[in-house]
Amino acid sequence: MSTASVSLQHVSKHYERGGQLLPVLTDIHFDIMPGDYLALMGPSGSGKSTLLNLIAGIDQPSGGAILVGGTDIARLNDRELADWRAANVGFIFQFYNLMPVLTALENVELPLLLAPLNRRERRERALFALDLVGLADRVKHYPSELSGGQQQRVAIARAIVSDPALIVADEPTGDLDRKSGEEILALLDTLNRDSGKTIVMVTHDQKAADAARQVRHLEKGELSHLEIRQ
Amino acid sequence: MMQRLRGVPLAYVWRNLLTRRLTTALTAGGMGLVVFVFATVLMLEAGLRETLVETGSPQNVIAIRAGSQTEVQSGLPLTELDALSTQPQIARDATGHPYFVRETLVLNSLPKKQSGQPSNVTIRGTSATGLALRPQLKLASGRTFRPGSNEIIVGRSIADGFAGVAIGNTLRFARRDWLVVGIFDAGKTGFNSEIWGDSEQMQQAFRRSGMYSSAIFRLDRPDHFDALASAVKADKRLTIEVQRENDFYAAQSKVMATFISILGLTLTVIFSVGAIIGATITMYSSVANRVREIGALRAIGFRRSSILLAFLLEALLLGLVGGLAGVTVASGMQFFTVSTMNWQTFAELAFSFTLTPGIIAASLTFALAMGFLGGFLPALQASRMKIIDALRTA
Ligand SMILES: Nc1ncnc2c1ncn2[C@@H]1O[C@H](COP(=O)(O)OP(=O)(O)O)[C@@H](O)[C@H]1O
Ligand SMILES: [Mg+2]
């Protein structure tokens with residue numbers, strides 16, 4: 001039995017396009033411990049997003065096992081996986097992926113619709129999360145009325161609102177100016193330090209990687225050794 | 001126990017429709033048009049049925065020649081009618097007089113007000129008893145015809161629809177001038193499209209020499225009809241067939257009602273194919289424009305079934321909006337009256353569009369069905385997307 005938050009065991013992944021087999025990941029084998037803040041780096045096309053998607057349970061490996069809290073998520077069916085994600089994973093995307101027709105508050109409330117909460121509890125928690133990312137005064141705003149950095153903060157509030165243990169972020173600063181990017185990294189740092197969230201972040205931004213506590217490099221489908229920061 | 005719906009919020013569905021205002025309006029409008037046609041046809045049928053059913057009373061019996069379909073085709077000699085009038089099931093007044101009237105029906109053409117084209121109207125020769133047997137017929141203005149005179153009274157639809165029909169005017173037919181002395185309103189019944197006068201005068205003018213079209217009489221009790229009918233059937237002297245008055249008039253509308261429904265449903269089916277295709281196109285583009293959103297919703301943990309439901313709901317709402325619009329416009333048709341020839345009687349018949357709760361329910365159900373059919377494939381496509389592919393979409 002492992003105490004790891006996520007345990008990847010000999011994971012491989014290939015895509016099939018037009019009868020061609022495209023290997024992306026080969027024999028990935030490592031653990032992510034509870035409270036880790038891991039940055040995945042590597043050149044474009046090296047499979048960073050693919051690996052993150054496997055960890056987050058939105059894609060299935062071609063081989064190996066991914067154990068999260070003792071369950072092999074590679075063996076869950078589509079519906080079980082959806083329910084598992086709802087309870088365990090918070091997503092932060094490069095392009096925020098907020099619902100344009102919903103307000104900031106409604107966007108943050110979305111994941112709570114999948115939890116056994118009543119309307120008032122949902123509202124309270126969503127307001128709390130928005131307050132945490134510093135957007136208490138923007139709850140009624142639609143995404144189009146917010147800057148990129150503000151939208152990404154709404155997305156972070158959405159990712160943490162249901163209190164998942166694992167947060168995955170794919171190039172969370174990739175679409176932001178330097179200042180907004182720094183604000184986002186500071187938020188992630190707080191989440192990791194103060195709330196003990198396990199964070200896995202894909203980035204090719206050295207600044208972002210420096211903010212993480214561990215760094216792994218992906219090259220040609222294989223993972224480098226672990227670099228540990230302060 | 002708390003029910004976990006795991007559904008995409010309704011606000012998301014509804015606001016996406018509102019965001020695409022023009023597309024939504026056009027698509028819903030297309031479905032609304034079909035619903036309008038659908039509802040209008042049902043309203044026409046209902047109006048026709050109501051008119052012809054209300055024309056009769058269940059306690060009244062009409063006698064025509066066995067084998068004839070209509071009063072105009074029928075011919076009954078006086079001797080048979082006299083024999084019929086002595087049947088014990090016929091109601092009588094205090095003086096022992098039966099509520100029984102021999103009527104003479106003739107079709108005659110008169111010019112219509114708008115087109116000037118001649119159209120057939122039914123002229124009914126009757127009597128004071130004939131009027132008493134139809135309490136639904138009320139004088140709207142003027143007075144009733146005097147027995148033995150060439151005076152006539154005309155139905156509301158005749159007064160409205162035909163040229164030169166007014167109190168004090170004369171109408172010329174059967175080589176005589178007939179003086180209009182009254183206009184009657186017979187509610188929603190077919191009598192509104194008739195001209196009434198004295199039965200014996202009509203006999204002479206139309207040279208009927210003792211051949212009547214029909215007899216109308218009241219039963220002493222409504223449930224005595226069967227006894228009367230079998231007595232008439234058993235009597236070998238009589239070539240008469242008796243029917244309850246309301247059954248008789250309902251049967252007269254069958255051909256027209258069938259025609260209206262076949263024509264209407266054919267139109268509806270053809271139009272609805274177009275509307276469903278329109279809804280499908282709209283919904284496919286709605287899905288295509290929101291691929292990344294779908295990917296994000298799925299990543300967050302919404303199930304495939306929730307996505308399917310969200311897009312189905314969107315299509316159903318689209319249908320409902322169209323349906324409500326169609327029914328609303330159709331309800332305005334209630335203020336219109338249709339006057340047309342009933343091919344079974346060859347006489348002009350006026351009736352109105354009648355909206356019933358059943359028609360509203362049927363129309364909205366139909367609209368929802370179109371929305372469902374239009375939205376099903378796009379919603380299925382949305383729910384089947386792979387999350388990673390959806391999220392990679394630009
Ligand atoms: N859904 C897919 N179908 C086919 N090929 C894919 C798919 N997703 C990623 N790939 C390929 O896998 C490789 C790794 O992609 P990705 O994980 O997105 O790289 P990174 O995030 O490191 O830039 C790339 O060559 C990419 O083209
Ligand atoms: Mg990537």
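Which ring does the charged end of B:Arg218 sit over? That would be the ring of B:Tyr99, with the charged end 5.7 Å from the ring's centre. Keep in mind as you look around that this is a predicted model. Here's a quick tour of its rings, its charges and its ligand.

**Charges over rings**
- Besides B:Arg218 over B:Tyr99, have a look at B:Arg102, whose charged end sits over the ring of B:Tyr212.
- For B:Arg102, the distance to the centre of the B:Tyr212 ring is 5.2 Å.

**A stacked pair in chain A**
- Count up the aromatic pairs over all chains and you get 10.
- One of them joins A:Phe91 and A:Phe93: the ring centres are 5.8 Å apart and the planes meet at 10°, so this pair is stacked, as planes under 30 degrees apart count that way.
- A:Phe91 has a relative accessibility of 6%, so it counts as buried, the cut-off being under 20%.
- A:Phe93 is buried as well, at a relative accessible area of 8%.

**An edge-to-face pair in chain B**
- Now hop over to B:Phe191 and B:Tyr249, an aromatic pair that is edge-to-face, with 5.9 Å from centre to centre and 85° between the planes.
- Where do the two residues lie in chain B? B:Phe191 is in the loop between β8 (176-185) and β9 (194-198), while B:Tyr249 belongs to helix α8 (residues 245-252).

**Ligand 1 and its surroundings**
- You'll find ligand 1 between chains A and B.
- There are 15 residues around ligand 1, and the ones that come nearest are A:Gly45, A:Lys48, A:Ser49, A:Thr50 and B:Arg392.
- A:Thr50 also has a side-chain N or O atom 2.5 Å from an oxygen atom of ligand 1.
- Another oxygen contact goes to the backbone: a polar backbone atom of A:Ser46 is 3.2 Å from an oxygen atom of ligand 1.
- On the nitrogen side, a nitrogen atom of ligand 1 is 3.1 Å from an N or O atom in the A:Arg17 side chain.
- On its own, ligand 1 has 560 Å² of accessible area, and the protein covers 79% of that.

Definitions and conventions
Residues numbered from 1 in each chain as written. Chains lettered and ligands numbered in written order. Predicted model: local features only at pLDDT ≥ 70, side-chain atom pairs only at ≥ 80, totals over all residues. Heavy atoms only, no water. Phe/Tyr/Trp six-rings, centres within 6.5 Å; stacked < 30°, edge-to-face > 60°. Buried < 20%, exposed > 50% of the residue type's maximum accessible area, 1.4 Å probe, protein only. Helix = DSSP H or I, 4+ residues; strand = E, 2+ residues; numbered from the N terminus. Lys NZ or Arg CZ within 6 Å of the ring centre and 35° of its normal. Near = heavy atom within 4 Å. Polar contact = N/O pair within 3.5 Å; in protein donor to acceptor, adjacent residues only side chain to side chain. Areas by Shrake-Rupley, 256 points an atom, 1.4 Å probe, with all protein chains shown as cover.
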